[in-house]
Amino acid sequence: MAKDITIFTTNTCAYCVMVKKWLGAKGHNYQEVNLDQHPERQKEAFEVSGQLAVPVTVITKEDDSKEVVVGYNLAKLASAVS
Amino acid sequence: MADNKEVLDATAHEVWDVVMVGAGPAALSAAVYTTREDITTLLFEKGVIGGLAAITDWVDNYPGFPKGIAGLDLAENLRLQAERFGAVIELGEVLSIADKGDHKELDTTSGLIKARTVLIATGSDYKKIGVPGEEEYYARGVHYCATCDGAFYRDKRLVVVGGGNSAVQEAIFLTRFASHIDLLVRGDSFRASDVLVKELDKHKDKISVHMQHTTDEIVGKDNLVTHVVSTNKAIGEKVEFKTDGVFIFVGLSPNTAFLKDGKVELDEIGLVKTNHELETTIKGIYAAGDVRSGATMQIASATGEGATAALKIREYIDDQNMGA
């Protein structure tokens with residue numbers, strides 16, 4: 001089960017909208033880091049994902065392990081938050 | 001009128017009147033029409049609601065918006081309009097469709113779904129060019145969505161590949177981030193509309209256009225892209241373009257892999273064949289929008305085809321109800 005979920009997004013990213021919509025539909029709370037508003041955190045998004053892409057969803061589990069899902073991938077998201 | 005209906009999900013009906021595969025402009029428009037006729041309507045979307053329109057920076061050629069509209073906003077408006085009348089959108093994937101005569105069975109990530117009719121409106125995705133480095137540097141310098149990933153290239157150099165509307169429009173969008181863009185066009189002229197090409201000309205301080213340049217290889221170091229190897233076809237010489245990232249817009253590839261059993265006939269490039277009523281080779285299964293063979297790949301055309309398909313679906317259901 002997810003203890004904390006953080007999503008890195010940008011203003012114009014439609015896939016980011018979908019991740020937020022999916023998490024909302026499944027009843028998960030999340031924190032959003034908008035990289036257009038906080039460009040200083042781009043490096044953090046890159047370091048955590050290894051990719052220059054959004055959305056990046058970081059799921060922290062009960063045991064404090066982290067799982068990172070890049071993009072809008074329903075199968076990976078479902079598995080990561082379960 | 002069927003306004004303010006309760007929120008339903010894919011299990012709301014044992015047999016849906018219509019299941020739409022995809023939730024882009026074609027399906028969402030069709031859903032506005034079907035739901036207003038109280039035709040129970042379920043849409044499956046495995047990607048972005050609004051399809052490619054949603055990831056397009058700005059739409060200037062969709063009627064009714066004299067100043068244009070952001071693709072994401074247009075997609076959201078289409079969704080709200082469809083849901084207003086009772087369309088149900090399931091975030092999941094249709095894996096296959098089986099024709100059972102009076103109904104169809106869809107194997108989906110949400111389980112087996114039954115429908116009297118099906119509308120295939122899965123659209124297309126951007127094609128890959130298939131050159132060395134493209135897969136290797138995917139999302140680490142190679143991208144197909146400027147509105148998603150452009151923000152990572154503030155004050156960086158970019159290469160944009162393509163000469164059609166998407167390439168030109170997204171290159172212009174990327175000027176808000178990049179310090180310089182090399183636009184590589186394989187042909188000797190743009191396929192993009194004249195309006196966009198004129199708009200491009202206003203950005204010549206940031207965008208250098210290279211006609212008759214192929215994209216041969218994307219090269220990198222330490223997991224990041226460093227340059228693109230190209231051939232100037234006019235003189236037959238290799239050229240290198242230093243860059244931090246590559247955005248590729250070289251045409252569309254139809255989303256029809258789930259039809260691989262071959263029962264719904266496809267054309268030679270994988271688009272769904274239909275008759276003039278937008279019915280496929282299987283009765284009760286229709287197609288509309290960019291996935292349809294003969295489609296003009298425009299948002300306005302897709303919404304029009306969606307409306308037409310919806311009216312044909314209504315006729316089919318009416319005939320079925322009357323035992324025709």
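Residues count from 1 along each chain as its sequence is written, with chains lettered from A and ligands numbered from 1 in the order in which they are written. Since the model is predicted, local features need pLDDT of at least 70 and side-chain atom pairs count only at pLDDT 80 or more, while totals for chains, interfaces and linings use all residues.

**Exercise 1.** Work out how chain A is built and what its radius of gyration says.

- Start with the elements: chain A has three helices and four strands (DSSP runs, H or I of at least four residues for helices, E of at least two for strands).
- Next, read them off from the N terminus: β-α-β-α-β-β-α.
- Now the radius of gyration, taken over C-alpha atoms: the globule rule is 2.2 Å times the number of residues to the power 0.38.
- For 82 residues a compact globule would come out near 12 Å, and chain A, with 12 Å, agrees.

**Exercise 2.** Describe the contact of chain A with chain B.

- Count residues: 20 come from chain A and 23 from chain B (C-beta atoms, placed from the backbone, within 7 Å).
- Find the top contributor on the chain A side: helix α1 (residues 14-25), with six residues.

**Exercise 3.** Find the domains of chain B and how far apart they sit.

- Take the assignment (automatic or from a database): domain 1 is 15-125 + 252-321, and domain 2 is 128-248.
- Then compare centres over C-alpha atoms: 32 Å separate the two domains of chain B.

Note on methods. Two residues are in contact if their C-beta atoms, placed from the backbone, lie within 7 Å.
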